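Take the sequence and the coordinates together, and follow the charged side chains before turning to the backbone.

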Amino acid sequence: PKKLRLPRPQLSLKVISSEEHGFEVEVSCIKGPALFVTIGAKGLHSKGRFSANGFHLMAGDRRVVKFSFWRPDSVRKLTPLEISSLLTVHSLRDMY
């Protein structure tokens, strides 16, 4: 894949819900394709998991991904603004 001449995609993240047991994020591809899209959550990886990661998006596509805490009682409820500050999104094109 490294020799593919992929254009740099334009991705955006938006927190659409936040609950005690997790949160939902909408990933949008403004300019694509975006291959192997991965979402990161700084400091939360050991506390839960995303419902999907490593997926593909074409320009105009959107995907809702849920993050579920392993033990919701061990994490205080985060505000959408706090969650947004922890999130990152990358694609294959960011690797080279």
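A salt bridge here is a side-chain nitrogen of Lys or Arg within 4 Å of a carboxyl oxygen of Asp or Glu. This is a predicted model, in which local features need pLDDT of at least 70 and side-chain atom pairs count only at pLDDT 80 or more, while totals for chains, interfaces and linings use all residues. Residues are numbered from 1 along each chain as its sequence is written, and side-chain values use heavy atoms, with hydrogens and water left out.

Side chains of opposite charge can pair when their charged atoms come close. Searching the whole structure gives four salt bridges. One of them joins Arg 8 to Asp 94, with 3.2 Å between the closest N and O atoms. Because Arg 8 lies in the segment before strand S1 (10–19) and Asp 94 in the segment after S7, this pair ties together parts that are 86 residues apart in sequence. Strands (E, at least two residues) and helices (H or I, at least four) are DSSP runs, numbered from the N terminus. Arg 8 is partly exposed at 43% relative accessibility, and Asp 94 is partly exposed at 36%. On this scale buried means under 20% relative accessible area, exposed over 50%, and partly exposed in between, with a 1.4 Å probe and protein chains only.

Another salt bridge is formed by the side chains of Glu 26 and Arg 62, at 3.2 Å from N to O. Glu 26 belongs to strand S2 and Arg 62 to strand S6 (residues 62–69), so the pair ties together parts that are 36 residues apart in sequence. Glu 26 is buried, at 16%, whereas Arg 62 is exposed, at 60%. A salt bridge also links Arg 71 and Asp 73, whose closest N and O atoms are 3.9 Å apart; both residues are exposed.

Leaving aside residues up to four places away in sequence, Arg 93 touches Leu 6, Pro 7, Arg 8 and Pro 9, contact meaning heavy atoms within 4.5 Å.

The backbone comes last. Most residues other than glycine have a negative phi, and most peptide bonds are trans. Gly 32 and Pro 33 are joined by a cis peptide bond, with omega about 10°. Pro 33 sits in the loop between strand S2 (22–31) and strand S3 (34–41). Phe 36, in strand S3, has a positive phi near 55° and is partly exposed at 43% relative accessibility.
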